[in-house]
Amino acid sequence: MKSIILKTFSTLIMFLTLLACNNEKLLTEFPDSIPLNSEFSVEKKIDKDEENSYSIFLKNGEAILANINQLSIDVVIDIYDSDHQLLKSIDGAGYIEHIDFSAKRSDNYFFKVYPFDKEAFGGVYLFEVKEIMILEENVKRIAKKEIPSKTLYNLWVKSLKEKNVIDEFLNSHKTKHIIEPIQGNSIESRVTYFYVPSKDAEYVMQSGGPDFMGLRFKQLGNTKLFFTSHVVPNDALFNYGFNEFKLYALGPEEEYSYRDMEHVYDDFVQMPGVIRNPYSIENSEVKKGVLNEFTIPSSYLNEDRKITVYLPNSYDSNKEHKLLILFDGEEYGAILNRRAEVPTPIILDNLLANNKIEPTIAVMVWSLGKRNKDLISASFGSFIARELVSWARESFTIGLKPNDICVAGSSRGGYAASFIASQHSDIIGNVISQSGSFWITNNDKNNHWMYPTKQGQLIQFFKNSKKLPIRFYLDIGLYDQGASMLGMNREFRSIIESKGYDFVYEEFKGGHSYLNWKETLPNGVISIFGK
């Protein structure tokens with residue numbers, strides 16, 4: 001027993017000796033360090049070549065929160081540990097330097113304060129400690145900053161004690177996002193996305209909505225759940241998706257690796273202030289129009305092209321009708337007995353039943369997998385203007401003036417509608433462009449679709465040409481691919497405005513999606529063929 005006591009005492013003496021040596025080293029590095037505590041406050045004058053040192057012992061996970069008011073001098077604060085490692089340097093742009101430091105180990109920490117400009121005169125600063133936080137308080141404070149969603153913060157707190165709360169949370173939600181109100185903010189809410197990545201996922205990104213470049217997920221504490229979050233206007237409606245960026249290890253010792261990306265989830269966010277367009281919703285009390293499929297020959301395309309014709313329930317061959325031609329017909333209601341991304345027949349049924357538009361016939365042109373080629377093709381434009389319009393007039397009672405005809409499309413289809421009308425304004429007098437791809441050049445491979453380096457072909461054409469007898473309806477999403485889409489639609493709008501064109505231009509809080517075009521197509525049809 002005596003030998004054990006002696007051995008323990010000897011170990012203690014060695015530890016105290018080592019600690020004393022270390023402290024002596026620290027005092028040499030930071031002489032005259034002023035100890036900090038929770039009530040510390042000092043107004044200090046400092047010369048241009050002077051340094052002031054402050055110290056505090058913090059346990060692992062504890063934090064010190066303090067401010068330095070730069071009363072008459074700009075200072076820098078460097079934070080060191082007992083090994084003389086520089087941990088952090090604070091030099092903000094404001095009048096007050098904020099110190100928020102959490103200890104990653106139990107240690108003595110030193111705060112060296114010195115003037116930013118060594119050539120300047122000295123001055124005065126005020127050093128005030130606001131709070132010294134224990135581990136439990138500090139962890140929750142940090143978590144509240146890291147987890148802005150109240151729901152997920154409370155979930156994290158529960159996960160510290162309850163094992164199955166994450167699975168229960170996932171099972172209780174059909175979607176992978178939640179919407180929460182923000183106190184004191186009536187125009188925006190917080191949207192938080194959540195997901196459990198696969199074992200090979202290196203990281204996960206969300207795409208869609210106000211953050212154009214996407215959001216990166218981070219882990220919720222030590223749980224299997226990952227999340228990301230942003231603030232969104234209450235009248236926004238947009239699609240979103242998740243992409244897993246995977247890292248795979250190969251070889252007997254996993255000495256090789258490669259990366260891959262997998263799209264793993266899609267959904268949409270409808271914010272609480274969104275009012276869906278009633279004309280895009282099927283109404284059982286409204287009489288339905290008739291859909292018929294046709295195939296018409298084209299000498300311009302050297303093929304037969306499939307179309308679907310919508311005739312209103314009230315069709316009367318003795319009355320003139322307007323003609324609406326839509327590209328990407330399969331997505332706009334051309335396929336019989338199948339739900340369409342943009343239900344043109346339902347929209348026209350509702351508009352006609354509510355006496356919002358003139359009697360209108362619609363032709364939905366099937367893409368048949370050729371849209372990328374067709375929608376920038378002069379031959380396709382000639383087919384539409386010279387063959388399809390003539391065929392429609394021969395088959396149905398349609399007005400003979402250009403303003404009786406409208407071409408419509410989204411994305412590349414919006415570009416095509418504008419292009420075809422510009423080349424055939426003697427036949428087509430109206431355009432509906434939904435998020436038109438006005439970044440396209442005469443050779444679209446020369447222009448990057450996201451960051452275009454050249455002005456779009458149609459923008460150049462309308463800027464340099466005389467005013468044509470064309471009316472426009474243009475819309476574009478605020479969350480639609482930056483310079484190429486939103487920017488160039490605004491530029492196109494400004495050009496036709498300067499030329500004196502008759503147009504309606506609308507922006508919506510959404511993206512490049514049929515989800516949004518379904519909502520805006522009724523507005524376009526009313527603006528062109530409205531009573």
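Is Ser55 buried or exposed? I looked this up in the predicted model. Ser55 has a relative accessible area of 15%. Buried means under 20%, so Ser55 counts as buried.

**Around Ser55**

I noted that Ser55 belongs to strand β3, residues 52-58. Next I listed its contacts, setting aside neighbours within four places in sequence. Ser55 touches Ser33, Ile34, Pro35 and Leu36, and also Tyr109 and Phe110.

**Aromatic pairs**

How many aromatic pairs does a search of the whole structure find? I got 33. I then took one of them, Tyr153 with Trp156. Their ring centres are 5.8 Å apart and their planes meet at 45°. Planes under 30 degrees apart would be stacked and over 60 edge-to-face, so this pair is tilted. I wrote down both values because a pair of aromatic rings is described by the distance of the centres and the angle of the planes.

Where do the two residues sit? Both are in helix α3, residues 150-159. They are 3 residues apart, about one turn of the helix. Tyr153 is buried at 11% relative accessible area. Trp156 is also buried, at 8%.

**A cluster**

I found one aromatic cluster formed by Tyr193, Tyr195, Phe217, Tyr240, Phe242 and Tyr265.

**Charges over rings**

Which ring lies under the charged end of Arg216? It is the ring of Tyr203, with the charged end 4.0 Å from the ring centre. I also looked at Lys306. Its charged end sits over the ring of Trp366, 4.0 Å from the centre.

Notes:
Residues are numbered from 1 along each chain as its sequence is written. This is a predicted model: local features need pLDDT of at least 70, side-chain atom pairs count only at pLDDT 80 or more; totals for chains, interfaces and linings use all residues. Side-chain values use heavy atoms; hydrogens and water are left out. Rings of Phe, Tyr and Trp (its six-membered ring) pair if their centres lie within 6.5 Å; planes under 30 degrees apart count as stacked, over 60 as edge-to-face and the rest as tilted. Helices (H or I, at least four residues) and strands (E, at least two) are DSSP runs, numbered from the N terminus. Buried means under 20% relative accessible area, exposed over 50%, partly exposed in between (1.4 Å probe, protein chains only). A charge sits over a ring if NZ of Lys or CZ of Arg is within 6 Å of the ring centre and within 35 degrees of the ring normal. Contact means heavy atoms within 4.5 Å.
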